[in-house]
Amino acid sequence: MEREPKRIREGYLVKKGSMFNTWKPMWVVLLDDGIEFYKKKIDNSPKGMIPLKGSSINSPCQDFGKRMFVFKLTTAKQQDHFFQAAYLEERDAWVRDIRKAIQCIEGGQRFARKSTRKSIRLPETINLSALYLSMKDSDKGVKELKLEKDKKVFNHCFTGSCVIDWLVSNNAIRNRKEGLMLASSLLNEGYLQAAGDTSKSAAEGLTDTPFLDLPDAYYYFADSGFFCEGNSSDDDVVLKEEFRGTVVKQGCLLKQGHRRKNWKVRKFILREDPAYLHYYDPAGGEDPLGAIHLRGCVVTAVEDIPDARKHDVDTNLFEIITANEVHYFLQAATPVERTEWIKAIQVVSRTGK
């Protein structure tokens, strides 16, 4: 009986067309033997499949200077495929998993995350999936917080100590040492993600255990609304309300018009449920001038815009491609602000309606 390919990672990426220099959002699925890409997440049949056997991956890819966070996959038949992620960490995660999948094929091994259940000898009675759902319970689970460290604000995360405390209080473990093993398994199986340098260093094998029982080691749920703001000073924080409220982020950006291609300052308010980015006249007025529907969109950083004159704008640009393939070009004031907007929009595009 033929084995069903294992799904390793999936999500929206921007893919370059094979014949023309067009970039379009695709739902990309990494299997342990290849990559499938779909026009939309709900589609049943892929538009194409890239075999990984004999392939090589190149990152960062500098073939397109105006596009950031691009990686190139070259097949055994020397066919090049280019993908663009929304930000650095996302690109690196895709590249890491693709590279490992290729190595597993070459070595005749099955793809597995580091430090699985067998390697840390967890009891077979422990159901990690069920435990994860309990931890995410809005009333009785681990509380998601807004934490600050090293001039950064981490939204919707929690500390390593909080995870172990919760496991102890819910009788999931007998002691904190056993909790460390269980939390490490949750981390290595992808249920939990590391946030911040301290926890990331441990997850990369630079400490004795992948998971840290520390109050300054931050983590978040894999499918949560986590995002990090680069500066926590009062002047730089734009987020004024809780992330799970109506307003997620607001501030002024430059927006390119669709007809005349001219640039104007607009006040933007990012909302979820429903997932819209409304824009307003910054001089006043309660009614929005327009809205961008974000559900299923792709957002990426860009270095140049084809229809923009060089003296108009040339830095801190990003592009939103909606599910209907409408392109919007925006400019932030700083690289940090651009990254914050990209990550916040990406979260709303996945979690909003």
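Buried means under 20% relative accessible area, exposed means over 50%, and partly exposed falls in between (1.4 Å probe, protein chains only). The model shown here is predicted, so local features need pLDDT of at least 70 and side-chain atom pairs count only at pLDDT 80 or more, while totals for chains, interfaces and linings use all residues. Residues are numbered from 1 along each chain as its sequence is written, and side-chain values use heavy atoms, with hydrogens and water left out.

**View 1. Phe158 and Phe221 form a tilted ring pair.** Let us start with Phe158, which is buried at a relative accessible area of 0%. Phe221 also counts as buried, at 1% relative accessibility. Their ring centres are 4.7 Å apart and their planes stand at 55 degrees, so the pair is tilted. (Rings of Phe, Tyr and Trp, the last by its six-membered ring, pair if their centres lie within 6.5 Å; planes under 30 degrees apart are stacked, over 60 edge-to-face, and the rest tilted.) Phe158 sits in strand E9 (residues 152-159) and Phe221 in strand E11 (residues 218-221), 63 residues apart. Helices (H or I, at least four residues) and strands (E, at least two) are DSSP runs, numbered from the N terminus. Together with Tyr132, Phe158 and Phe221 make up one aromatic cluster.

**View 2. Phe71 and Phe83 form a stacked ring pair.** The whole structure holds seven aromatic pairs. In the one shown here, the ring centres of Phe71 and Phe83 are 5.5 Å apart with planes at 20 degrees, so the pair is stacked. Phe71 belongs to strand E6 and Phe83 to strand E7 (residues 80-84), twelve residues apart. Phe71 is buried, with a relative accessible area of 1%, and Phe83 is buried at 0%.

**View 3. Seven strands form an open, antiparallel sheet.** The strand order is E4-E3-E2-E1-E7-E6-E5. Strands E4 (48-51) and E5 (56-58) stand at the edges with a single partner strand each, so one side of each has no neighbour in the sheet. E5 and strand E6 (residues 70-74) pair over three bridges in the antiparallel sense; two strands pair if DSSP finds at least two bridges between them. Ile57 has Leu73 of E6 as its bridge partner.

**View 4. Thr198 lies in helix H6 (residues 197-203).** Thr198 is partly exposed, at a relative accessible area of 26%. Beyond its neighbours within four places in sequence, Thr198 is in contact (heavy atoms within 4.5 Å) with Lys149, Leu212, Asp216 and Ala217. Thr198 and Leu212 are 14 residues apart in sequence and 8.6 Å apart in space, C-alpha to C-alpha.
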